[in-house]
Amino acid sequence: MNTQVRELQVTPIPATAEDPSTAGTGAVWGFARSVGARLLPWLVPVALVVFWQVASSLGWLSTRVLPAPVDVVKAFWTLTLSGELWTHVKVSAGRALAGLAIGGGLGLVLGLLTGSVRFFETLLDSSIQMVRNIPALALIPLVILWFGIDESAKLFLIAVSVFFPIYLNTFHGIRNVDPQLIEMGRTYGLSRWQLYREVILPGALSSILVGLRFSLGLMWVILIVAETISAQSGIGYLTMNAREFLQTDIVLVGILLYALLGKLADVFARGLEQWWLRWHPGYQKKAA
Amino acid sequence: MSMSDTTTSDSPRGVKLEARGLSKRYGTRDVLRNTHLKIEPGEFIAIVGRSGCGKSTLLRLVAGLEAASAGTLSTDGKAVNGLHDDTRIMFQEARLLPWRRVLDNVALGLPREQRGRGREVLAQVGLAEREGEWPARLSGGQRQRVALARALVHQPRLLLLDEPLGALDALTRIEMHRLIEGLWQQHRFTALLVTHDVQEAVALADRVILIEDGRIALDQRIDLARPRSQGDPAFAAIEKRILDRVLQKPDAADATPASGTPHWPGPPAHGLRWAI
């Protein structure tokens, strides 16, 4: 079965290789074919960067608008050497993760509670559903009034926005656990706690992880907004500061850092899925 | 290990099951009416009937999954009151936990030090080499074998089988019949099998009980020697008799439970063995 899957993935490549528009990258194609389909998704981004570099070198693009990729890389390198980059990334990632821990942790706990105990659902769920409809960003004026513009404001915004996806998906995950499995667990003499650990939590896990992935996406968006409004450190500060001095290359470094961190978070979440859901046929092919 | 030794060597392992005036109603609908039933320790009982006749309800009452509306139900003289540790049920679907490997499924609810028993029973159902597999990778028949192992690992004194072979193909069913019969003879538990396949009932049971409209309409003892062969004329005769009875709408006069060899008039059911 494994070989079949691989064949299916590989066969489309020769067909697109005949495309005349990619004739210039023939060498790349030969390599791609030998390695497999892995490089194909990178073709468009690489082509774009090459085009961008050429356009900058020929002077079609003003450096005020968009600096050449090489300059961005240079800026990246200087910032790395000075240690500035690392400090800001650390601050930003720290904020994001702390917000996620608070909001996500609360969402998980409340979701488990309302999903498992009918009383808490009646008590809390409708209130939470009401608050859910307020966009987190609409709270900014209020948050500034409450917390000023320091760290706690940023943490609060991130925590509020990551709370809901995790809460909702945890709640629905618990509710959608196969009742037949629960009945089986009861007839096989599992205690309440065993039933929870062996049947209900694992059954809800795929849904909880979907919530986590949503949250991770939101987490970066809110972080960017919060850091752009005001900050004394972090990637947002780095870019806003660079804007004052018209350092477009550093602004771009900041944007790329956000992209990179977002991608990293997603890879991490996928990794969790593939490990925790490795029993699931839908996740086995990729893992094998 | 010592536990398994003592329990398998005990000969009268099965429970004695007794139902008196058992009734169950859902809303205004009577699913089971005033049912009397006595099952001896170690007996293999098959309950047949059309779907919706109340046979699964009887099983769920015995399992303690539901409470009776009236009447009493007792095992070894003690009233059944909720779930019971001596009773295990095998469902229509395997109901394996997809996130646990085969051996962990079998050992579900067992203390850690008894996992060895899980391996033992898994070997008895012929799946020892698949212990590290995910349930999603098994065929339907293999999943039911794992479910059977999971039920037997607790050394139940009463095993309830709720149409566990309904979704399997004919060949796998025959294999499973042999397996269940062999394990039943080895472990001497009392078995209660709900099925709509009369052939399956005759192949396995000491007594076949037909439920019709919530009542026991027939209680037929099967005295064929084991292992039973479906080609045997005596087998075919009993099967046909029960099947004819199932297909025939009951005449009030005819519906006397009999254990002899009464002849039931009715349409011949050639090659037909499904009474759905």
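The questions and answers below concern a predicted model with chains A and B.

Me: How many helices and how many strands are there in chain A?
Reply: Read along the sequence, chain A follows the pattern α-α-α-α-α-α-α-α-α-α-α-α-α-α. The pattern holds helices, and the count for chain A is 14 helices and 0 strands.

Me: What share of the residues in chain A is buried?
Reply: A residue is buried if 20 or more other C-beta atoms lie within 10 Å of its own. Chain A has 288 residues, and the buried share of them is 28%.

Me: How are helix 9 and helix 11 of chain A oriented to each other, roughly parallel or roughly antiparallel?
Reply: Two packed helices are described by the angle between their axes and the distance between the axes. Helix 9 (residues 151-175) of chain A packs against helix 11 (residues 192-229) of chain A with axes 7 Å apart and an angle of about 160°. Angles over 145 degrees count as roughly antiparallel. Helix 9 of chain A and helix 11 of chain A are therefore roughly antiparallel.

Me: Which residue classes make up the contact of helix 9 of chain A with helix 11 of chain A?
Reply: The crossing of helix 9 and helix 11 of chain A is right-handed. By class, the contact of these two helices of chain A has 18 nonpolar, 8 polar and 2 charged residues.

Me: How are helix 6 and helix 9 of chain A oriented to each other, roughly parallel or roughly antiparallel?
Reply: Helix 6 (residues 84-116) of chain A packs against helix 9 of chain A at an angle of about 30°, and their axes are 6 Å apart. Angles under 35 degrees count as roughly parallel. That makes helix 6 and helix 9 of chain A roughly parallel.

Me: Which residue classes make up the contact of helix 6 of chain A with helix 9 of chain A?
Reply: Helix 6 and helix 9 of chain A cross in a right-handed way. Their contact has, by class, 19 nonpolar, 9 polar and 3 charged residues.

Me: Is A:Leu246 buried or exposed?
Reply: A:Leu246 is found in the loop between helix 12 (235-244) and helix 13 (248-276) of chain A. A:Leu246 has a positive phi of about 55° although it is not a glycine. A residue counts as exposed with 12 or fewer C-beta neighbours. A:Leu246 has 10 of them inside 10 Å, so A:Leu246 counts as exposed.

Me: What is the order of the strands in the open sheet of chain B?
Reply: Strands of a sheet pair through backbone hydrogen bonds, either parallel or antiparallel. The open sheet of chain B has 6 strands with mixed pairing, in the order 6-7-8-3-9-10.

Me: Which strands stand at the edges of this sheet of chain B?
Reply: In the order 6-7-8-3-9-10 of chain B, the edge strands have a single partner strand each, so one side of each is left without a neighbour in the sheet. Neighbouring strands of this sheet are turned by 20° against each other on average, direction ignored. The edge strands of chain B are strand 6 (87-90) and strand 10.

Me: Which residue stands opposite B:Leu160 in strand 8 of chain B?
Reply: Strand 7 (residues 158-162) and strand 8 of chain B run parallel and are joined by 5 bridges. Strand 7, helix 6 (residues 170-187) and strand 8 of chain B make a right-handed β-α-β unit. Opposite B:Leu160 stands B:Leu192.

Me: Which residue in strand 8 of chain B is the bridge partner of B:Ala46?
Reply: Strand 3 (residues 44-48) of chain B runs parallel to strand 8 of chain B, and 4 bridges join them. The bridge partner of B:Ala46 in strand 8 of chain B is B:Leu193.

Me: How many residues of strand 8 of chain B are buried?
Reply: Both faces of strand 8 of chain B are covered. On one side B:Thr190, B:Leu192 and B:Val194 are buried, and on the other B:Ala191 and B:Leu193 are buried. Strand 8 (residues 190-194) of chain B is largely enclosed by the rest of the structure, because the number of its residues that are buried is 5 of the 5.

Me: Which residue does a cis peptide bond join to B:Arg226?
Reply: The omega of this bond is about -5°.

Conventions: Residues numbered from 1 in each chain as written. Chains lettered and ligands numbered in written order. Predicted model: local features only at pLDDT ≥ 70, side-chain atom pairs only at ≥ 80, totals over all residues. Axes fitted to C-alpha atoms, helices over the stretch in contact; angles between N-to-C directions. Helix = DSSP H or I, 4+ residues; strand = E, 2+ residues; numbered from the N terminus. Parallel < 35°, antiparallel > 145°, perpendicular 65-115°, else oblique. Left-handed = near helix turned anticlockwise from the far one by under 90°. Nonpolar A, V, L, I, M, F, W, Y, C, P; charged D, E, K, R; others polar. Pairing = 2+ DSSP bridges. Right-handed = clockwise from strand over helix to strand, strands pointing away.
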